[in-house]
Amino acid sequence: MTEIPVVDLGGGVEIPMVGFGTWQMQGQIAYEAVRHALRVGYRHIDTATMYRNEEQVGRAIADSGLDRSEVFVTTKLPPGNAGRVRETIADSLKALRTDHVDLWLVHWPPRSRNLVPLWQDFLAVRDEGLTRAVGVSNYSVGQIDDLIEATGEQPAVNQIPWSPSRYDEALLAAHAKRNVGVEGYSPLKGTRLRDRTLAEIAAKYGVTPAQVVLRWHLEIGVIVIPKSSHSERIEQNLDLFSFSLTPEEVARLNRL
Ligand SMILES: NC(=O)c1ccc[n+]([C@@H]2O[C@H](COP(=O)([O-])OP(=O)(O)OC[C@H]3O[C@@H](n4cnc5c(N)ncnc54)[C@H](OP(=O)(O)O)[C@@H]3O)[C@@H](O)[C@H]2O)c1
């Protein structure tokens, strides 16, 4: 099975650079999709309390026969739950059938006066071992700086919308400087897959435009979590290791 590259989040935690997104899948569809993803080699599943599928994700992991330590599990605190941090993680762990997740994210920044207290609560939950790492989602660099200034601890990742059309070299550099991993979401939704440049590069390697977009994330060091409810696409979206992009192709995609 393909070796998926990882990003070191510190503290002995490594996140596989390709994960499986699960937004907008629920019930049996979510269960079957995660089962298939694990069957074909994904070892990183991205869910959230808000997605209302943690129970199906937990059951799929349990039924996969994989050891819990082989699967990297991310979930997220919903907006509005800043005052119910402990209840929320307890509910997530129960639904996911585990005693810890690998990464817990603040799904959206809370109102500014709650920004630092919520981060302090997250660090405490991590220190108690309920999650191996903590991070944020949809945060600005300024908000990240507020967390670092107050606690001396940076989020392990910031999960943000990312795709060639959103490429922002300065934003990547700002995260790198603070040692915050960039995890991109909506890589395919954020892309016009019929774009001519994409089609040309895809034809050269005998892959699909979607695969070119996902491979581009890996080339620039961005963690990517494509979602699909179709077996064939679930497989295709992990099949990124039999080709690579030249620096010129990466530069063309950066300008897409
Ligand atoms: N932190 C946040 O605020 C946030 C926000 C949005 C998303 N996310 C996370 O990021 C994950 C990915 O983002 P996303 O779900 O918004 O969008 P995405 O993964 O970019 O795109 C999913 C869409 O692309 C289609 N698709 C999948 N593979 C394809 C392929 N190979 N070729 C053509 N189309 C393909 C899917 O259709 P089918 O399912 O029909 O195949 C679905 O309609 C989410 O599932 C979620 O885990 C986080």
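How many bridges join strand β5 to strand β6, and how do the two strands run? I looked this pair up and found four bridges between β5 (residues 72-77) and β6 (residues 101-106), which run parallel.

**Conventions.** I note that this is a predicted model, in which local features need pLDDT of at least 70 and side-chain atom pairs count only at pLDDT 80 or more, while totals for chains, interfaces and linings use all residues. Residues are numbered from 1 along each chain as its sequence is written, and side-chain values use heavy atoms, with hydrogens and water left out. Helices (H or I, at least four residues) and strands (E, at least two) are DSSP runs numbered from the N terminus, and two strands pair if DSSP finds at least two bridges between them.

**Sheet.** Back at β6, I read off Leu103 opposite Thr74 and Val106 as the bridge partner of Leu77. I then checked burial (under 20% relative accessible area, with a 1.4 Å probe and protein chains only), and six of the six residues of β6 are buried.

**Cores.** I next looked up the nonpolar cores, meaning sets of buried Ala, Val, Leu, Ile, Met, Phe, Trp, Tyr and Cys residues joined through side-chain atoms within 4.5 Å. The largest has 64 residues, and Val18, Phe20, Trp104, Phe122, Val212 and Leu245 have the most contacts inside it. A second, separate core of ten residues includes Val13, Leu105, Ala133 and Ile223. For Phe20 I listed contacts (heavy atoms within 4.5 Å); leaving aside residues up to four places away in sequence, Phe20 touches, among others, Met25, Tyr42, Ile45, Ile225 and Ile234.

**Helix α2.** The axes of α2 (residues 54-64) and α3 (residues 85-96), which are lines fitted to C-alpha atoms over the stretch in contact, come within 7 Å and cross at roughly 40 degrees. Just after α2, I recorded a positive phi of about 80 degrees at Gly65.

Definitions and conventions. Axes fitted to C-alpha atoms, helices over the stretch in contact; angles between N-to-C directions. Buried < 20%, exposed > 50% of the residue type's maximum accessible area, 1.4 Å probe, protein only.
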